[in-house]
Amino acid sequence: MKKSKLAFLVLASTFVLSACGNSEAGKSSGSKESTNSESSSMVVSTFGLSEDIVKSDIIDPFAKDNDVSITLDLGNSADRYTKFATNPSSSIDVMELSQNNATEGNTKGLFLTVTEKEVPNIANLTDSAKEVYESGAGIPIAVNSIGIIYDKAAVGHEISSWDDLWSSDLKGKIAIPDISVTAGPLFMYVASDHAGTDISKDKGKGAFSALKKLKPNIVKTYSKSSDLANMFQSGEISVAVVADFGVGMIQKSKADATYVVPESGTYANFNTINIPKDTKNKELALGFVNYRISEESQKTKAISLGEGPTSSKVELTDEEASNLTYGDIADRAKAVDFNLINDNMTDWVDQWNNLMNN
């Protein structure tokens, strides 16, 4: 890839661990014809991880094709969303967020409603990604899911199901995600399944009952998947519930760590892209969104960033799809209701803290 001549100004880099409607719209995933904008700059708010790769593989190609200078607003999804929600009239033109934050923002009417006429590549989203889009949570640009990673030698046997986590021989050996991070609410659904309850009806009562039974096995709760690598390497834990994007990091420090997604299925989280209502660059923003879900861009970032693609056009080899929510795993990944999660999160955090800290 040729080095871009455009200058990029990074406004923030803190992080924890996200008229195209005219006849020209279908010509390109992100060309001048598709944006038809006179603006020469735009602001993209996105995740702070792997900044160099994001620039080289996502930002630079679009900037070059559209002769636009792109300013990045970097950070974790929650912090960026909170900052934006207090000032919706900021200069941000597009926001990439976790599904829970995007759901809340759309519920509050902070983002534009984007149609397939304006963003033709919406037609190529996977069925599950289309469901998220149709729910009003933005346009999915990546999908991840949770599984179990474990040290087989330390455990002494295979782990193949979610129910195995409750086995007494795993006492003091497990780490699970904190309720406040992406994987936390997904594991609440797993705990509810273990209890044999419907989380949408009992609002998490069964899940917390199951978590209480699991507590003797839990040695740590974590807020950054990067922490798991150190815990596995030191032998502090032997098993963890983790989102698939953290698997590679763990296996770099613990090469023999085994990752499994139970046959019963898993739960998925989508990162989505949204356009603030007050954007001054609507057409350029629409072009960027269309480009982000194009087959070429989706495949590039699936390989370089390890993100499950949301375009049905993307085809990956077994090696490229390793540890991604793709193919059979994507077929087994169930959706969660982030409206339900957001409505109950305050109460869940209180219950979580009372359970885990006492």
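In the predicted model, E104 forms a salt bridge with K108, the closest N and O atoms lying 3.1 Å apart. Side chains of opposite charge can pair when their charged atoms come close. A search of the whole structure finds 9 salt bridges, and the pair of E104 and K108 is one of them.

A further salt bridge joins E158 to K152, with a separation of 3.3 Å between the closest N and O atoms. Here E158 is exposed, with a relative accessible area of 55%, while K152, at 37%, is partly exposed. The side chains of E307 and K301 likewise meet in a salt bridge, for which the N to O distance is 3.0 Å. In this pair, K301 counts as buried because its relative accessibility is 0%, and burial is assigned under 20%, whereas E307 is partly exposed, with a relative accessible area of 22%.

Acidic residues also form a negative surface patch, which consists of D65, E295, E296 and E315. Of the four members, E315 is found in the loop between α13 (295–304) and α14 (328–332). Because the relative accessibility of E315 is 61%, and the threshold for exposure is over 50%, this residue counts as exposed.

Note on methods
Residues numbered from 1 in each chain as written. Predicted model: local features only at pLDDT ≥ 70, side-chain atom pairs only at ≥ 80, totals over all residues. Heavy atoms only, no water. Patch = residues over 30% accessible without salt bridge, like charges linked within 9 Å, V, L, I, M, F, W, Y side chains within 5 Å. Areas by Shrake-Rupley, 256 points an atom, 1.4 Å probe, with all protein chains shown as cover. Salt bridge = Lys/Arg side-chain N within 4 Å of Asp/Glu carboxyl O. Lys, Arg positive; Asp, Glu negative; His and termini not counted. Charge placed at Lys NZ, Arg CZ, Asp CG, Glu CD. Helix = DSSP H or I, 4+ residues; strand = E, 2+ residues; numbered from the N terminus. Buried < 20%, exposed > 50% of the residue type's maximum accessible area, 1.4 Å probe, protein only.
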